[in-house]
Amino acid sequence: MRVLGIETSCDETSVAIIDNGRVRANEVFTQDIHAVYGGVVPEIASREHIKKVAILCKKVIDTTVGSLDAIDLIAVTDRPGLAGALLVGVSFAYGLHVAENIPLIGVNHLEGHIAAVTIEHSLRPPFFALVASGGHTSIYRVAEDSYSILGQTIDDAAGEAFDKVGKLLGFPYPAGPYIEREARRYTGSDPIEFPVAQVTQYDGANFSFSGLKTSVKYYVQKSSAPLSEDERARVCYSFQEAVVAAFVQNLRTILHEHGSLPLAFVGGVACNGRLREALSEEFSNDVFFPSPKLCADNAAMIAQAGARLYQRGVRRFPRMEPTSRLTEERG
Ligand code: ATP
Ligand code: MG
Ligand code: FE
């Protein structure tokens, strides 16, 4: 089955074609324009998607199958994300569906992040999935046709924490890769002990990253002079290790409470080499990650999720009610 995937939920415009699970094309345009604002500006994002989506679509068709006639299904992200940005992708996909009479399915962006792992690995449910991205940090138990949430952040997402701490330290948005690079430069043996929140007042294995971010903020503000390069590397290292500790702690709880299953680590934060290494160690290598291009936002993962839904008989027309969750709506 040849699937055209379309993703415009945030600040990446992406169009991809997958053919029976094999990625034929996966064009991603990252809207760098937001960097100067320190975060994504929704209205600008929508306008940038409008400029790019048709161009990328033409490119992936021209460089692979040659014609829309060869496409069996269109899969488009319809939630969660920026409403205006989503509307661009959904409207474009709807136009193709009507004009070319190709079946259309709406895909949850988080389901896409999870499906990314099945493109390069033969991992099949049941498994645990840690989705860590700019807007979400949750652990699911993934079954063939359902997701149960086992833990989630009660405040900031992990990627958001990387971005906010990065902003404090003067890095451009998105700051995750800069923090990882700086942390690697740290060679000392006296890291700062930033707190790892134990979120015990709620059920499940939940995260809290806002206290960690505030601790880093106080630490940085406390120093009268700007941080030296070495001190900045130390802050990055110590912050990143606190995120490692939060992930490991919650995954241990989940293994203890729900038995042992393989782990998929997905979403933009799963690009982080230190986190990958730490989780591989913790799970004795029974952990799977998409390659970095498939961890970050891309349309191949949306096409893959759409194909799997469609093949299971799910028919879900894109809907435009805003939601921030994966679990509440399936059909
Ligand atoms: P969501 O998927 O929740 O809707 P999003 O699509 O904006 O949000 P992604 O594109 O999946 O999020 O991930 C982007 C996030 O990943 C950013 O917060 C970015 O800083 C973070 N990130 C990217 N690379 C790294 C890295 N090497 N280390 C840590 N974080 C990273
Ligand atoms: Mg993004
Ligand atoms: Fe994402």
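Which residue in strand 3 is the bridge partner of Asp19? Select Asp19 and look across: the partner is Arg22. Keep in mind that this is a predicted model.

**Stop 1: the sheet**

Select residues 12-19 for strand 2 and 22-30 for strand 3. The two run antiparallel and share 8 bridges.

Now bring up the whole sheet. It is open, with 5 strands in the order 3-2-1-4-5. The pairing is mixed. Ignoring direction, neighbouring strands are turned by 20° against each other on average.

**Stop 2**

Select 73-79, which is strand 4. How many of the 7 residues of strand 4 are buried? The count is 7 of the 7, so strand 4 is largely enclosed by the rest of the structure.

Strand 1 pairs with strand 4 in the parallel sense, over 4 bridges. Click Leu4: Ile74 of strand 4 stands opposite.

Next, show strand 5 again. Strand 4 and strand 5 are also joined by parallel pairing, here over 5 bridges. Pick Val76 to find its bridge partner in strand 5, Gly106.

**Stop 3: helices across the sheet**

Then select 83-100 for helix 2. Helix 2 lies across strands 1, 4 and 5, at about 155° to strand 4.

**Stop 4: a helix crossing**

Move to helix 5 (158-168) and helix 6 (176-185). Their axes come within 8 Å and cross at roughly 70°. Angles of 65 to 115 degrees count as roughly perpendicular, and helix 5 and helix 6 are therefore roughly perpendicular to each other. On the helix 5 side, show Gly159, Phe162, Asp163, Val165 and Gly166. On the helix 6 side, show Gly176, Tyr178 and Ile179. Coloured by class, this contact has 4 nonpolar, 3 polar and 1 charged residues.

**Stop 5: helix 11**

Finish at 299-311, helix 11. Its 13 residues reach 18 Å from first C-alpha to last, close to the 18 Å expected at 1.5 Å a residue. Is helix 11 mostly covered or mostly exposed? Mostly covered: 11 of its 13 residues are buried. Among them are Ala299, Met301, Ile302, Gln304, Arg308 and Leu309. Last, click Gly313, which follows helix 11 and has a positive phi, near 95°.

Note on methods: Residues are numbered from 1 along each chain as its sequence is written. Chains are lettered from A and ligands numbered from 1 in the order in which they are written. This is a predicted model: local features need pLDDT of at least 70, side-chain atom pairs count only at pLDDT 80 or more; totals for chains, interfaces and linings use all residues. Two strands pair if DSSP finds at least two bridges between them. Axes are lines fitted to C-alpha atoms, for helices over the stretch in contact, and angles run from 0 to 180 degrees between N-to-C directions. Two residues are in contact if their C-beta atoms, placed from the backbone, lie within 7 Å. The expected span of a helix is 1.5 Å times one less than its number of residues. A residue is buried if 20 or more other C-beta atoms lie within 10 Å of its own, exposed if 12 or fewer, and partly exposed in between; C-beta atoms are placed from the backbone. Angles under 35 degrees count as roughly parallel, over 145 as roughly antiparallel, 65 to 115 as roughly perpendicular and the rest as oblique. Ala, Val, Leu, Ile, Met, Phe, Trp, Tyr, Cys and Pro count as nonpolar, Asp, Glu, Lys and Arg as charged, and the others, Gly among them, as polar.
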